[in-house]
Amino acid sequence: MTLAIDPKSRRVRLDPRDPKFFGDPYPAYAAIRAETPAFFWEDYGFWCFASHADVSALLRDRRFGRQILHVMSREALGWPEPKAHLKPFDALERHSILEMEPPEHTRLRNLVNRAFVSRQVERLAPRIALADERIDAFVRDGRAELIAAFATPIPVAVIADLLGAPREMGPKLLDWSHRMVAMYQFGVTRAVEDGAAAAATDFADFMRGYARARRADLKDDLISQLLIAESEEGRLSEDELVTTCILILNAGHEATVHAIGNAVKTILERALDPRELFADPQTTAAAVEEFLRLDPPLHLFTRYALEDVEVAGVRFRQGDRIGLLLGAANRDPERFPDPDAFDPTRDPNPHVAFGAGIHFCVGAPLARLEMATAPPILFERLPRLRLAERPRCRDAFHFHGVEALEVAWG
Ligand code: HEM
């Protein structure tokens, strides 16, 4: 791995597509943090933060926002005109709560939040037990690739249920979502852009048609709650409804797949004892937090300076972008003693795997429930589970997950 750190200028060169880096980014984070926890990452072209104190504070700092176009024009930012071929994708982004700031953000988030209160989420527990069905499908084979066979199908089925989307749409939803999420990777090509735009068009068409059909068929699901809000004048536009459903479907499984994959990998690589980890609901909950701290699935989120501001001795102008390294913050020895060790007894465990502040993950209770349900079922059914091959990480640095998790048992 070519990592060049210049502590004087606080500039770092590190290719996010270097397999040695995305395969295990933690040694590079540790080296950078030790020299300069705030650094200009040349390959991205913006300042990044790697200490827990900075990341946690900046996630909550209202002088920074996910959106900038509400306070500055594209012209003032020096941004080029939006690309015509990305119009369908941009149209969805425009109404995404992730890309909004208050007051729009608050209004939409309150609507979505209702679906995620614990009582609602707990009703999904039996659905997550579809883990058993997945295992039944491959148990006789003696080996499996767990990302495709286990970690991927569960979250998409659960989130489709919560939203109220038809279950048989699962594979289609996965395909659209993968093509759209590819836009957040480093070095996006025209082919990726075209794929994302086509997926956004198809996904939005489907969602619009489905929502219209469901207006006359309200049930006890999130889409019905959003439809009711839409019909009560002014609370939600149809475009917002369509985008919100798509965001929930995408965000609702992409990260969870890899959170489950990373947790299973941690258990197997470190030869942890699943019976001890998952002995009761308390130990299970603590283990889930430690899996998320040690190897979170999302590593980089950005913010814009909404005003001129100075942080860690760096002066930012309104409109400047910064990067917050969640995966680095979670291994900061200043906050987590012996940060590379798996220690579920950490209490408190203030990891930032779900972010913090106003954009804190709305799906955290659901993700936690899925992580507390699926891996224990896997290890209970297959107690002799072992790695059959060294897990390969995906070439997508900030979606930190395993591409293939080949396992065997028996
Ligand atoms: C382990 C799995 C998950 C992880 C690690 C994760 C992580 C995150 C993080 C870090 C953010 C904040 C982004 C930022 O501050 O810029 C976020 C936001 C969000 N997450 Fe998750 N997430 C997970 C699962 C889910 C699930 C299951 C859903 C279900 C709907 C979900 C829906 C969302 C939404 C809608 C937002 C935007 C919230 C807002 O902007 O107010 N996530 N997530």
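This is a predicted model: local features need pLDDT of at least 70, side-chain atom pairs count only at pLDDT 80 or more; totals for chains, interfaces and linings use all residues.

Trainee: In what order do the seven strands of the open sheet lie?

Mentor: The order is β1-β2-β3-β4-β10-β7-β5, and the pairing is mixed.

Trainee: Which strands stand at the edges there?

Mentor: Those are β1 (3–6) and β5 (64–65). Each has a single partner strand, so one side of each is left without a neighbour in the sheet.

Trainee: What packs on that sheet, touching β1?

Mentor: Helix α2 (residues 26–35) does, and it also touches β2 (11–14), β3 (38–41) and β10. The direction of α2 makes about 10° with that of β1. Helix α3 (residues 52–60) lies across β4, β5, β7 (300–305) and β10, and runs at about 125° to β10.

Trainee: How many bridges join β1 to β2, and do they run parallel or antiparallel?

Mentor: Four bridges join β1 to β2, and the two run antiparallel. Within this pair, L3 stands opposite L14 in β2. The hairpin of β1 and β2 has four residues between the strands, and R10 takes a positive phi near 60° there.

Trainee: And how do β4 and β10 run, parallel or antiparallel?

Mentor: Strand β4 (residues 46–49) and strand β10 (residues 321–325) run parallel, joined by three bridges. The bridge partner of W47 is I322 in β10.

Trainee: What is the strand order in the open sheet of three strands?

Mentor: That sheet has the order β6-β14-β11, with antiparallel pairing. Its edges are β6 (143–145) and β11 (386–387); each has a single partner strand, so one side of each is left without a neighbour in the sheet. Strand β14 (residues 406–408) pairs with β11 over two bridges in the antiparallel sense, and L387 stands opposite V407 in β14.

Trainee: Changing topic, what is the protein donor of the iron atom of the ligand?

Mentor: The only protein donor is C361, through its SG atom, at 2.3 Å. C361 lies in the loop between α18 (326–329) and α19 (364–381).

Trainee: Now the helices, please. At what angle do the axes of α9 and α11 cross?

Mentor: The axes of helix α9 (residues 130–138) and helix α11 (residues 153–163) cross at roughly 145° and come within 10 Å. The crossing is right-handed.

Trainee: Which residues meet at that contact?

Mentor: From α9, L130, A131 and R134 meet P153, I154 and A157 of α11. By class, the contact has five nonpolar, no polar and one charged residues.

Trainee: What does D221 touch, leaving out residues up to four places away in sequence?

Mentor: D221 touches D161, L162, L163, G164 and R214. Among them, L162 lies in helix α11 and is likewise buried, with a relative accessible area of 8%.

Trainee: How far apart are L162 and R317 in space?

Mentor: L162 and R317 are 41 Å apart, C-alpha to C-alpha, and 155 residues apart in sequence.

Methods. Residues are numbered from 1 along each chain as its sequence is written. Side-chain values use heavy atoms; hydrogens and water are left out. Axes are lines fitted to C-alpha atoms, for helices over the stretch in contact, and angles run from 0 to 180 degrees between N-to-C directions. A crossing is left-handed if the near helix is turned anticlockwise from the far one by less than a right angle, and right-handed if clockwise. Contact means heavy atoms within 4.5 Å. Ala, Val, Leu, Ile, Met, Phe, Trp, Tyr, Cys and Pro count as nonpolar, Asp, Glu, Lys and Arg as charged, and the others, Gly among them, as polar. Two strands pair if DSSP finds at least two bridges between them. Donors are N, O and S atoms within 2.8 Å of the metal (3.2 Å for Na, K and Ca); water is not among the atoms, so sites may look incomplete. Buried means under 20% relative accessible area, exposed over 50%, partly exposed in between (1.4 Å probe, protein chains only).
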